[in-house]
Amino acid sequence: MDLNGFLERMGSTIAVRGTDGCTDQQFSYLFVMVFEVYDRGKDMITKTARSFSVKKDTSVFKRLENRNQENIARSHHQSKSQNLVCKYWREGRCTRNPCKFKHPDEENCKPKNVWKNPDAFKSRHSPPIEKTQAKVVKNKENNFNLNQNVENTQKKSLTNEVKNSESKNIQNKNIKNLHLGSCGDEISMVTCLEGQTKGITGIALPAGSNKLFCGSKDKSLRVWDCNSGQCGGVVDFDDECGTLVNESQWIFVGLRNMIKGWNLNTQDEVIIRGSGGQVNAITMFEDILFAGMEDGTILSWKSTSETSFCEIPSSLKGHTGSILSLVIGAKKLFSGSCDNTIRVWDCESLECMHVLNGHTDDVTTLLCWDQYLLSGSLDKKIKVWGANENNSIEEVYQHNVNDGVVAFCGMHDLKGNPILLCSSKDNGVCLYDLPSFMERGRVVSQGDIQAIERGPEGMFFTGDAKGLISVWKLNGGSMCKS
């Protein structure tokens, strides 16, 4: 019997008994109490039914709905993960196997890092040659024409020799220097250039030129003619050549308290004087020339014309050891020093923005690649630095080598893939794939290779501590892997 039926029956019973002896007041009071109980009971039943209904919906249907939503989200995440390319694979350092993200073949999807020539930062902003005119500061003592003609010989040019005949393998019996060598069929030697008697400190092959410039600690600069393979002239100095670089239309040589420069377009020579000892590194941003000095100071001169610079330099101070390397990237000057640090300077304000700590020995070489800075040190480490979300610079990768790093150079192989050439204090140069740092090959010489320069069509040059310049060629074969 339901509650309504029960109350109706009770009400009729009360009514019958009321005629037997209840007063009207007692009957009314009893009747009100019965219906109050009825109303309260009805409300309780309704609330109980509602709560049971909600609980049932939550425990069964809601759970199923949540589970379905979780499954959908999980499958969507897995599908998304499978379609995303692993960022660590793009950087060449993913160690997960299997990896939930995609590792596509190189043919279908190459890593995002593409080689950018560090010189592009400078040449883009270099002052137009046509706009400048002005006074020439000539070296009266040694007025030598770097582009002078050499005697005609019947020897083939270096580039023609590579194009028209097979390059000489380093095991060729015609090569006198049997201490030279390479690992892999892809690298072969073209020739050796002998004449300088002490360590080569800089090699430069200006774009579009057939002259190879080499500076040495034997206090000389030699100009080699690429058409004949012969030395076309020698410039003698009073001091050792600390560095030699090609910046835009200039060839600069770093000496003690002095830089000598030759304009390849106008044939004018300039002498730029400063203080701080030996000039170990030179670079240029737009019309500003920077020099890294032995005392840890960086000097800067602003160009006043196509062939002259201001007499009084600005000084950038902060390093406590000799400056060994300078490079320009993204309107910033990066300097490596014997104080084991790298400093980042604003090229326009000349203010120090960051100090990068991490190396434990001299920072000997720097290179800008893509959005990263590569640094090499005598602590046997190559470090990769990148900008973080806070606009500061942090170490993002480290590669260990077998000996102290001396010099970097970047180039492409014949397939257009970026390669890092890294010389160490073991008389050799390792060729690394970027960004994976997989060793692709190696060349060795009779002494520490202190200078590397890229050339056309897969050629590169090395200069060692004995004064020997070697010309190498990437042939396109398979190189040995580490």
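Trainee: Leaving aside neighbours within four places in sequence, which residues is Tyr432 in contact with?
Mentor: Keep in mind that we're looking at a predicted model. Tyr432 has its place in strand E24, residues 428–433. Setting aside neighbours within four places in sequence, its contacts are Ile382, His399, Val401, Pro418, Ile419, Leu420, Cys422, Phe437, Met438 and Glu439.

Trainee: Is Tyr432 buried or exposed?
Mentor: Go by the relative accessible area, where buried means under 20%. Tyr432 comes out at 4%, so the residue is buried.

Trainee: What separates the C-alpha atoms of Tyr432 and Ile419?
Mentor: Ile419 is one of the residues in contact with Tyr432. Along the chain the two are 13 residues apart, and their C-alpha atoms are separated by 5.5 Å.

Trainee: Where is Pro435, and what is omega for the bond that joins Leu434 and Pro435?
Mentor: Look in the loop between E24 and E25, where you'll find Pro435. Most peptide bonds are trans. The one joining Leu434 and Pro435 is cis, with omega at about 5°.

Trainee: Let's step back to the whole chain. How many helices and strands does the secondary structure come to?
Mentor: Start with burial: of the chain's 482 residues, 45% count as buried. Then there are the contacts with a separation of 6 or more, 47% of which are between residues 24 or more positions apart. As for secondary structure, the chain comes to five helices and 28 strands.

Trainee: How much of the accessible surface belongs to carbon and sulfur atoms?
Mentor: The chain's accessible surface comes to about 25,600 Å². Carbon and sulfur atoms have a share of 47%.

Trainee: On to charged pairs. Which side chain meets Asp225 in a salt bridge?
Mentor: The structure holds eight salt bridges. In one of them, Asp225 meets Lys211 at 3.8 Å, N to O. Asp225 lies in strand E5 (residues 220–225) and its partner in strand E4 (residues 211–216), so the pair ties together parts that are 14 residues apart in sequence. Both residues are buried, and the partner you asked for is Lys211.

Trainee: Where does Asp287 lie, and which strand holds Lys302?
Mentor: The side chains of Asp287 and Lys302 meet in a salt bridge of 3.0 Å, N to O. Because they sit 15 residues apart in sequence, the pair ties together separate parts of the chain. Lys302 counts as partly exposed, at 46% relative accessibility. Asp287 lies in the loop between strand E9 (269–285) and strand E10 (288–293), while Lys302 is in strand E11 (residues 298–305).

Trainee: Which residues are linked in a network of salt bridges with Asp413?
Mentor: Begin with the salt bridge of Asp413 and Arg440, at 2.8 Å, N to O. Asp413 is in the loop between strand E22 (405–412) and strand E23 (418–424), and Arg440 is in strand E25 (residues 439–444), 27 residues away. Both of these residues are buried. In the network, Asp413 is linked with Asp433 and Arg440.

Trainee: What is phi for Lys219?
Mentor: Most residues other than glycine have a negative phi. Lys219 lies in the loop between E4 and E5, and counts as partly exposed at 38% relative accessibility. Its phi is a positive value, near 70°.

Trainee: And what is phi for Glu286?
Mentor: Glu286 lies in the loop between E9 and E10. Glu286 is partly exposed, with a relative accessible area of 26%. Phi is positive here too, near 50°.

Notes. Residues are numbered from 1 along each chain as its sequence is written. This is a predicted model: local features need pLDDT of at least 70, side-chain atom pairs count only at pLDDT 80 or more; totals for chains, interfaces and linings use all residues. Side-chain values use heavy atoms; hydrogens and water are left out. Helices (H or I, at least four residues) and strands (E, at least two) are DSSP runs, numbered from the N terminus. Buried means under 20% relative accessible area, exposed over 50%, partly exposed in between (1.4 Å probe, protein chains only). Contact means heavy atoms within 4.5 Å. Accessible areas come from the Shrake-Rupley method with a 1.4 Å probe; for residues, only the protein chains shown count as cover. A salt bridge is a side-chain nitrogen of Lys or Arg within 4 Å of a carboxyl oxygen of Asp or Glu.
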